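Work through the exercises below with the sequence and the 3D structure open. Try each task before reading its solution.

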Amino acid sequence: MELQTSILECPFCNRIVQFSHEDVTLLQHDCGVVLQRNNGRLVEKPIATIQHPVAIIQKGTAGRWNGKSFRVTGRFRAWMNESVYNYWTIIFDDSSIGYLAEGYGIYAVYRKSDLTPSNYTSYQQLKVGEDTNLKKDVSLILVSKNECYRWEMEGEIYIPDDVRKFKTYEFAGEDGSHVEAIVINETVRLFDVFYVPYTTLELTNTRNREPHEQKLNCGQCSKPNVVKTFPFAQSYACKFCGAKHKINEEGRYILDQRSHSGHLENNITIGASGIIKGINYEVIGYALKQEVNEPSSEWKEYTLFNPEEGYAFLSEYNGHWIYVRERGNTPVLPDDRVRQFYYGSESFALFNRYNSRVRHAIGEFPSNIFNDTQRNVREFISPPEMWIYERSDKEGITWFLGEHISRKELQAALGDSIGMPYKVGVGAIEPKGFLNPGKILMVALVASLVLMAVHFLTTLSKENRIIISKSYALDSNSTVSFVTPGFKLDKWRSNLEFEVNAPVSNSWFELTGTLVNVSTGTEYNLEQGVEYYHGVSEGESWAEGSSSATGYLSEIPRGTYYLQINGNGEPGLSSYMDAQKADRFTLEVTYDVSNDRNLGYCLLALLIMPAIQFIWVLIIEKKRWENSPFTP
Amino acid sequence: MKWNFFKAGSPLFPFRWTIIVAIMINIMLVFANLSGWRLLASDAQQQWAAKGPGYHK
């Protein structure tokens with residue numbers, strides 16, 4: 001489809017007005033007026049324009065998504081219940097149009113969906129967490145609903161219909177898909193939503209973010225405060241008295257709750273900056289939060305901000321730190337009873353569930369944190385990560401991904417601006433000692449199989465060559481001596497196995513063998529005894545020993561050898577009843593035999609470390625889960 | 001998969017020492033099997049050579 005543009009004349013300044021795309025219907029002209037294209041004519045529209053951009057993206061910014069290039073033509077900035085979101089109109093190289101929605105560090109590409117929308121009333125009746133039945137084979141649940149109560153624009157934008165307010169409904173599917181319904185004047189338009197990391201967009205021709213700081217006086221103590229991330233900060237607390245303020249529909253901060261806070265004990269100076277996880281952040285807020293349940297645990301949360309990457313948080317509890325960011329691509333829970341789920345290949349287990357309140361705060365926050373007591377929070381852990389699920393029927397479902405961050409990393413990033421509290425116990429996602437027990441077993445199993453395979457391969461070439469296999473009679477003194485003919489042992493090194501069998505009963509027989517190297521004269525000596533005793537004692541039979549035994553000569557180098565054998569049976573009469581002395585014996589000497597005992601010892605040695613790891617993990621995990629009401 | 005298990009991002013990183021020990025045990029087993037060495041043997045094998053240690057019975 002060719003890019004269609006149309007060229008018209010501004011009715012006010014008479015200069016050329018050119019629209020970049022047939023779907024672009026609203027344009028802020030160079031002369032400042034907002035013009036709507038309607039049936040080939042231009043009509044002025046009393047739509048607010050953005051006076052302070054406060055964004056790095058601008059008209060003319062270029063980028064890439066999914067292998068396609070796009071350029072930005074403009075945006076409308078929507079003021080929602082508890083957020084301000086930019087919808088940038090983007091036109092791709094193939095002339096298709098969409099949005100790049102961004103706010104709070106979340107970036108998403110919107111494309112018109114092929115799904116058939118339902119009637120708008122069905123969306124109004126949906127509750128958070130309910131399935132919308134938009135897709136037949138995949139469950140798509142409602143995760144958020146927002147109402148845009150006002151919006152303003154810059155550049156050229158694609159916004160269907162004449163609209164002052166609109167509603168959005170976001171759905172998430174178990175297959176990872178996201179769909180958003182934008183309802184304007186009872187008409188539903190569906191968009192497929194693709195969350196993308198900022199860096200993958202490869203944005204060029206961006207601008208420096210010029211902050212639109214709000215300087216205002218506290219509604220309680222009248223002292224001056226500055227909100228740096230207006231209009232995205234939805235609440236702030238006075239840095240002098242802690243009085244809580246929220247943003248209203250006119251975009252002004254008003255006193256929400258008075259504060260009687262005392263000393264705040266924040267460990268990081270507000271205004272400090274540093275590079276955390278590769279991103280340059282400024283610390284803009286601090287809140288002391290408390291669980292609204294027993295044991296009423298308290299933790300500290302620091303709000304961070306970066307112009308491109310948006311907001312993040314540092315959460316500290318008992319000296320353990322977690323770096324937290326809101327995410328778009330997230331797990332989808334079918335219902336509230338889930339206690340474990342898989343995301344990627346990792347299993348996350350429910351660790352904690354609570355509602356919370358803010359006890360003290362200073363600085364600014366991306367949402368109104370002072371009205372969140374109805375927000376149910378669930379934490380699922382797979383150290384060193386945590387998925388934090390926050391849900392309220394009014395605000396919807398929000399997911400945050402937490403990652404363990406070490407004290408060392410934070411000290412390196414923030415230097416003197418951070419004071420480290422003492423560490424107590426094991427942190428919820430502290431990676432110390434954590435290994436998935438299933439993985440330990442898998443590694444042990446694989447290592448064992450590899451070891452057995454190595455043993456099998458190295459014993460495949462064993463000769464098992466019989467050097468001697470013969471019976472010998474003992475003389476009247478129960479002895480025998482002889483020398484074997486010479487024989488060659490041809491391997492670099494190997495072993496000789498001596499199997500001795502003598503029909504003894506309550507008697508013994510001993511074999512002495514000397515292996516002599518014909519060339520060097522080196523001798524290898526072996527003594528192997530056979531004894532077997534049995535009887536009846538107090539009515540019970542007993543037996544010990546055996547009439548056969550096996551001995552070895554190991555690591556015999558190659559060469560020509562002969563064997564000198566001496567066999568000795570018990571001389572004289574035995575004192576045991578039913579004694580039978582050996583009058584002969586059988587000797588079988590085999591060269592180059594495999595030794596399965598080596599495999600056994602090696603397997604034992606191999607499994608020591610996984611066993612120690614397993615026990616260590618059990619100990620550490622017990623300590624970790626002491627802080628959780630959901631011990632697995 | 002990151003095969004350098006000594007790099008922190010590798011999924012095998014937590015098992016790096018197990019892997020090292022496993023490799024050493026495998027090497028020992030190969031040597032023992034190829035040389036006829038019986039591990040942890042308490043057999044009464046004695047050796048005598050004209051040049052070296054051991055005793056002549």
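**Exercise 1.** Divide the residues that line the second largest pocket into nonpolar, polar and charged.

Solution. Ala, Val, Leu, Ile, Met, Phe, Trp, Tyr, Cys and Pro count as nonpolar, Asp, Glu, Lys and Arg as charged, and the others, Gly among them, as polar.
Step 1: On a 1 Å grid over the protein atoms alone, a pocket is an open set of points with protein on both sides within 12 Å along at least five of seven lines, while a cavity is a set where a 1.4 Å probe fits but cannot get out; lining residues have an atom within 4 Å of a point.
Step 2: sort the lining. This gives 12 nonpolar, 7 polar and 7 charged residues.
Step 3: locate the pocket. Among its 26 lining residues, Pro383(A), Pro384(A), Pro431(A), Ala8(B) and Pro14(B) lie nearest the centre. Strand 27 (346–354), strand 31 (396–405) and helix 4 (596–624) of chain A each give two or more residues to this lining; helices (H or I, at least four residues) and strands (E, at least two) are DSSP runs numbered from the N terminus.

The model is predicted: local features need pLDDT of at least 70, side-chain atom pairs count only at pLDDT 80 or more, and totals for chains, interfaces and linings use all residues. Residues are numbered from 1 along each chain as its sequence is written, chains are lettered from A in the order in which they are written, and side-chain values use heavy atoms, with hydrogens and water left out.

**Exercise 2.** Which residues line the second largest cavity?

Solution. Step 1: list the lining. It consists of Phe76(A), Tyr99(A), Ile159(A), Pro160(A), Phe166(A), Ile182(A), Ile184(A), Arg189(A) and Phe191(A).
Step 1: sort the list. There are 8 nonpolar residues, no polar ones and 1 charged.
Step 2: find the elements. Strand 14 (178–184) and strand 15 (187–196) of chain A each supply at least two residues of this lining.

**Exercise 3.** Describe the side of chain B that touches chain A.

Solution. Step 1: count the contacts (heavy atoms within 4.5 Å). In contact are 31 residues of chain B and 40 residues of chain A.
Step 1: count the polar contacts across the interface. The rule finds 10 residue pairs, both at pLDDT 80 or more. A polar contact is a pair of N or O atoms within 3.5 Å; within protein, one must be able to donate a hydrogen and the other to accept it, and residues adjacent in sequence count only if both atoms are side-chain atoms.
Step 2: assign the elements. Helix 1 (16–35) and strand 1 (46–48) of chain B each supply at least two residues of this side, and helix 1 of chain B gives the most, with 14 residues.
Step 3: sort by class. This side of chain B has 19 nonpolar, 9 polar and 3 charged residues.
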